[in-house]
Amino acid sequence: VQLQASGGGLVQAGGSLRLSCALSGTSRRYAMGWFRQAPGKERVLVAALRWRLENTYYADSVKGRFTITSDGAKNTVTLQMNSLKVEDTAVYYCAAESSTWPMRRDAIDYWGKGTQVTVSS
């Protein structure tokens with residue numbers, strides 16, 4: 001099983017970025033989402049999507065600015081990040097998990113490689 005993440009980069013405050021994550025190597029349905037980890041801080045859940053009940057979760061800090069969506073095949077999730085703030089700067093990690101909701105960091109089944117998001121003032 002692999003999670004292939006793409007996107008990220010450098011943007012000015014107020015700008016937008018998009019992250020995508022593709023799950024491969026399994027036909028099992030997982031909840032998928034994005035965690036982020038800023039320097040010196042814990043890795044926290046930002047947004048997640050659960051196929052089975054079509055639930056979405058957003059951290060309070062990103063509600064109204066970030067949107068997580070899936071493709072029709074339900075093996076790719078995209079995180080559209082708008083109105084980015086300097087405090088959104090972090091390494092973002094795609095994750096897949098099958099047992100808890102909202103996704104818990106200690107229950108993640110698979111992690112993707114982190115991608116850097118940097119928001120400048």
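This is a predicted model: local features need pLDDT of at least 70, side-chain atom pairs count only at pLDDT 80 or more; totals for chains, interfaces and linings use all residues.

Modeller: Two strands count as paired if DSSP finds at least two bridges between them, and the strands themselves are DSSP runs of E with at least two residues, numbered from the N terminus (helices are H or I runs of at least four). Residues are numbered from 1 along each chain as its sequence is written, and side-chain values use heavy atoms, with hydrogens and water left out.

Let's take strand 3. Strand 3 and strand 8 run antiparallel and are joined by 6 bridges. Within that pairing, Ser20 sits opposite Thr78 of strand 8, and Cys21 faces Val77, also in strand 8. On the strand 1 side there are 6 bridges too, again antiparallel, with Gly7 opposite Leu19 of strand 3. Strands of a sheet pair through backbone hydrogen bonds, either parallel or antiparallel.

Those pairings belong to an open sheet of 4 strands in the order 1-3-8-7, with antiparallel pairing. Strand 1 (2-7) and strand 7 (66-70) are the edges, each pairing on one side only. Direction ignored, neighbouring strands in this sheet are turned by 15° against each other on average (axes are lines fitted to C-alpha atoms, for helices over the stretch in contact, and angles run from 0 to 180 degrees between N-to-C directions).

Now look at the two faces of strand 3. Leu17, Leu19, Cys21 and Leu23 make up the covered face, while Arg18, Ser20, Ala22 and Ser24 make up the uncovered one. In a regular strand the side chains alternate between the two faces of the sheet.

Cys21, on the covered face, is where the disulfide comes in (a pair of cysteine sulfur atoms within 2.5 Å). By that rule the count is 1 disulfide: Cys21 and Cys94, with their sulfur atoms 1.8 Å apart. The link is left-handed, with -85° about the S-S bond. Cys21 lies in strand 3 (residues 17-24) and Cys94 in strand 9, so the bond ties together parts that are 73 residues apart in sequence. Both cysteines are buried, meaning under 20% relative accessible area; exposed is over 50%, partly exposed is in between, and the probe is 1.4 Å with protein chains only.

Strand 9 takes us onward, to strand 4. These two pair in the antiparallel sense over 7 bridges, and Met32 has Ala96 of strand 9 as its bridge partner. Strand 4 is mostly covered, with 6 of its 7 residues buried. Strand 4 is also joined to strand 5 by 5 bridges, running antiparallel, with Phe35 opposite Leu45 in strand 5. Strand 4 and strand 5 form a hairpin with 6 residues between them, and Gly40 in the turn has a positive phi of about 80°.

What about the core? A nonpolar core here is a set of buried Ala, Val, Leu, Ile, Met, Phe, Trp, Tyr and Cys residues joined through side-chain atoms within 4.5 Å. The largest has 30 residues, and those with the most contacts inside it are Met32, Trp34, Phe66, Ile68, Leu79, Met81 and Tyr92. Strand 3 is among the elements that give two or more residues to this core, along with strand 1, strand 4 (31-37), strand 5 (44-50), strand 7, strand 8, strand 9 and strand 11 (115-120). A second, separate core has 7 residues, including Ala31, Leu45, Met103 and Ile108.

Zooming out, the protein chain has 0 helices and 11 strands. Buried residues make up 43% of its 121 residues. Of the contacts with a separation of 6 or more, 55% are between residues 24 or more positions apart. The C-alpha atoms fill a box of roughly 40 × 30 × 25 Å along the principal axes.

Methods
Contact means heavy atoms within 4.5 Å.
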